[in-house]
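Here is a friendly walk through a multi-chain model. Have the sequence and the 3D view open as you read.

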Amino acid sequence: MQAVDVKGLLERHRHDPTRLVQMLREVQAAEGWISPTRITELAGALGLPRARVEGVAGFYAFFATTPVGAYRVLFSDNITDRMLGSVALRERLCAKLGVGPGEVRADARVSVAVTSCTGLCDQGPALLVNGHAIGRLTDARIDLIARCIEAQAPVEAWPPELFRIDDVIHRKDLILSSSLRPGEALRAAFARGADATLEELLRSGLRGRGGAGFTTGEKWRAAKLAPGPTRFVVCNADEGEPGTFKDRVLLSRYLDLVLDGMTVCGFAIGAQKGFIYLRGEYLFLQAPIEAALAARRKAHLLGRDVLGHRGFDFEVELHLGAGSYVCGEESALIESLEGKRGIPRSRPPYPVTHGYLGQPTVVNNVETLVAAALVTVNGGAWFAKHGTAKSPGTRVHSVSGDCARPGVYEFPMGLTVQELLDACGAKNAQAVQVSGPSGTLLGPAEFRRKLAFEDVATAGAFTIFGETRDLLDVSVNFAHFFAHESCGFCTPCRVGTTLLKKSIDAIAAERGTRRDVKVALRLAVLMRDTSHCALGHTACAHFLALHEKFKPTIDRRLSSLEFLPTFDLDEALAPAREVTGRDDGQAHLEDT
Amino acid sequence: MSKTFTMDEREIPFVEGQTVMQAALADGVYVPHLCAHPEFKPHGSCRVCTVKVNGRHAASCTLAAREGLVVENQTAELRELRRELVQLLFVEGNHFCPSCEKSGDCKLQALGYELEVKTLHFTQLFPDRPVDASHPDLMLDFNRCILCELCVRASAEVDGRHVFALSGRGIDKHLIVNSESGRLADTSIAATDTAVSVCPVGVILKKGRGFRVPIGQRTYDAAPISAMPEGKKP
Amino acid sequence: MSAPKRKLKVATTSLAGCFGCHMSLLDIDERILKLLELVELDRSPLTDIKHCGPCDLGLVEGGLCNAENVHVLREFRKQCKVLVAVGACAINGGLPAQRNHLDVRECLTSVYRTVPNDPELPLPLDHVHPINDVVRIDYSLPGCPPPADALWQFLTDFIAGRTPSLGHGLIHYD
């Protein structure tokens, strides 16, 4: 660990408070945590109240405001990691290193904990060490990691093979088979003109690939027409929904298409500035993206008078997240881009009129921008020929879980669940979670349903559970995920996700009764009906679906009794037994 | 003719720019609320003002009033949701009313009475939240914080001091003060600050005056919160 | 002509409480004579009966801070058709629960030079719990203590077979 040069850091970030999350990332990377002194220094230099900086540092999971290990190991804790054996691997690493889960070793060398899905579900189990991703974990690789830590080797000097990330593509269609050259979409846009480019996008019927499915052309038009001195384009690369990883592949293999899409958007709506908000878990994409941006500046694909088009200037800036799922929600993402806590805003007003710094802002998913670039070149009619009438085009699916060939699959919209199961070699699937924990749980009776906005809408995650899996374990994992990722702004989600987690944990531990199920269902309704944002609205969907479609998986873990204590009574006497040395009959309590 | 919307079959007049809650309160119709305050921009975090608008749930404090809206306010369903939200706030903190100086003047407690909360229903979390008595004139009892951010907003917008902020997230979200030591005594707060008086519960307290008004003779002992004129503040 | 009504059997107890709720019950003053025409007391600090027989109604004051509290509460749940959590401590742990952020081991070792280990002494739980954490509760009557009028209102409603209802002024947490 090396002390950070605060002065240099501030200069590199132009003393710009909107870069606060980026600055804190650098402090974290250099010093392993963000100390109270650093918070005071940054606040003073940026002219921000100290408490506000502390609040930002305290919001993001990757920022440690108390010391963690010099090597901070965070195991990806998605259900797919667990299905691939991550729990045993984590225990193995803890045993090798002599450190308890969630603890910092006495010599401060290492800490081992968990983090939300790191987007390597097709090559899990995975972990992050000081932010760097390692996939395809095995006993041997865990042992190698333990040796590197004990040898105090800098992470940069660890065997590069550990950090290899594969782009596993199994089926290509419109997007993944594209051979467009960098700038080709831009030239097409310049040739058509801004208004015609927008018309073409509207004609394509392209709908946002982030999940909500708002018509992209309408979004662009609204931002274009909104009053304001300046406009922004944001690429939402905060691919946080557990089970999704296709944006990682798009950013790694099709980056110029993404950047073309952003630049076309800038041209169409009259924006001069774009941001890529990249999830912190994809740190390995930072250098390639920075390099691509530099190359595009050199090739006049960015900068003043892009490609010689007089009067159209466009720049793209990369921002990294720091461990927050809710920042995938567009208004929370904008807050984070502004250097704040990632709290979803009250809407309306929407970002298209009041976005980044209060200005009209288009926030589009990575895949949406790629599709927009293709539409610009090939035309709206070409795009609309594919997919269904209500869901034109193709969809890139992230397939993981119990199947022969996990990875990325691009198919026209309207593919049935069964067709995708067949394509990836999933036999005897018991259920599929479409679109991640916030999405939809489908059983075999629904495998004929179509993956399209008009039937089962999806943001791309497709997680398969084979017949031997216990689906209650899935619900437990999802409940923990939402409790960890709730931003805490509103009462129902902040408290509800924690109480729901406790209820489902009790049921899973066979300490639950029908009353716990009733409480969980009530909480689910409360969160769905009164939460501030979509995270809270959907945080209970997994349990509602499980109860509706797979009720016996819950029932078979319930106690036959109508009522059980909410805590382990005998365990509650253990501390007193310890200090009194008693172990007589009166020193114990039974559950009933 | 002024514009109106309907709330529980009553026509509520409004002017452009008002929220549903503002218009209702101005017309003498009570909508439960904790984080909303007439002097601050609506914020929408406590959710106890949830109403049903054209069949969909929404926080009335952030919802712009529009001609022709059909709003449900006092229905059994909404009362149940609001009661559960108040119960969540109670189980989240340590709300031991008998020892609280704010008892009788506390909006959370008054809302508990209003919604007839007799039991907490959910399992209490019993968090560990040490108090801060470092300041000579003030003390902070975080056990009672409902994270409404009124002190955050008041200190920033009215007092111009930025004494309070929030840190952490999810169930670990908590109120912090603007000093490296984390102690209130090391901030620039003054006992006369709006941030001090705006606290709807018993977190920010002035020392030496706790029981000047006896229990039983306090704001919400006289009448339920729903019958209190909006301007009257404890 | 209906047969004369049987007197309701009522038991009361104070677990981790201060007997303040019982004092409040006595605060119904002369109405207690009317009450005794309608109910017969079983186990209660007022009768000194040590164990509870089958009852119609059990009033439980106080939360759970030790093993004995749990045993008594279970006896009440077993014997009483209807169980009422009376007062702040029974409902949410109340004053005793203010120790919940402390380690019970440290409490005991810092108070006693030698921690008593007599089996007669009930062992403390690591945390103080409201009673609905351990048994099902049918009604709750908040207050520290609940006002005498609230207790009276509840009891007369209950005896008359009406769903007990407390209006403004009778629901109190302090």
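## A sheet in chain A

Let's begin with one residue pair: V73(A) has V112(A), in strand 2 of chain A, as its bridge partner. Strands here are DSSP runs of E with at least two residues, helices are runs of H or I with at least four residues, and both are numbered from the N terminus. Strand 1 (residues 71–76) of chain A runs parallel to strand 2 of chain A, and 6 bridges join them; two strands pair if DSSP finds at least two bridges between them. They belong to an open sheet of 4 strands in chain A, ordered 2-1-3-4 with mixed pairing. Strand 2 (110–115) and strand 4 (132–134) of chain A stand at the edges with a single partner strand each, so one side of each has no neighbour in the sheet. On average, neighbouring strands of this sheet are turned by 25° against each other, direction ignored.

Helix 6 (residues 86–97) of chain A lies across strand 1 and strand 2 of chain A, at about 170° to strand 2 of chain A. Axes are lines fitted to C-alpha atoms, for helices over the stretch in contact, and angles run from 0 to 180 degrees between N-to-C directions. Contact between two residues means that their C-beta atoms, placed from the backbone, lie within 7 Å.

This is a predicted model, in which local features need pLDDT of at least 70 and side-chain atom pairs count only at pLDDT 80 or more, while totals for chains, interfaces and linings use all residues. Residues are numbered from 1 along each chain as its sequence is written, and chains are lettered from A and ligands numbered from 1 in the order in which they are written.

## Chain A as a whole

Chain A holds 25 helices and 16 strands. Its radius of gyration is 25 Å, which agrees with the value near 25 Å for a compact globule of 592 residues; the radius is taken over C-alpha atoms, and the globule rule is 2.2 Å times the number of residues to the power 0.38. Along the principal axes, the C-alpha atoms of chain A fill a box of roughly 90 × 60 × 45 Å.

In chain A, 56% of the 592 residues count as buried, that is, with 20 or more other C-beta atoms within 10 Å of their own C-beta atom, placed from the backbone.

Chain B has 6 helices and 9 strands, and 53% of its 234 residues count as buried. Its C-alpha trace spans about 55 × 40 × 35 Å along the principal axes.

An automatic or database domain assignment divides chain B into domain 1 (3–74) and domain 2 (82–222). The centres of domain 1 and domain 2 of chain B, taken over C-alpha atoms, are 25 Å apart. Their contact takes 11 residues from domain 1 of chain B and 16 residues from domain 2 of chain B.

## Where the chains meet

Chain A gives 33 residues and chain B 30 residues to their contact. On the side of chain A, helix 19 of chain A supplies the largest share, 9 residues. Other elements that give two or more residues include helix 3 (36–46) and helix 18 (471–485) of chain A.

Chain C also touches chain B, with 22 residues of chain C in contact with 18 residues of chain B. Helix 4 (residues 88–92) of chain C brings the largest share of the chain C side, 3 residues.

Technical notes: Buried ≥ 20, exposed ≤ 12 C-beta atoms within 10 Å, placed from the backbone.
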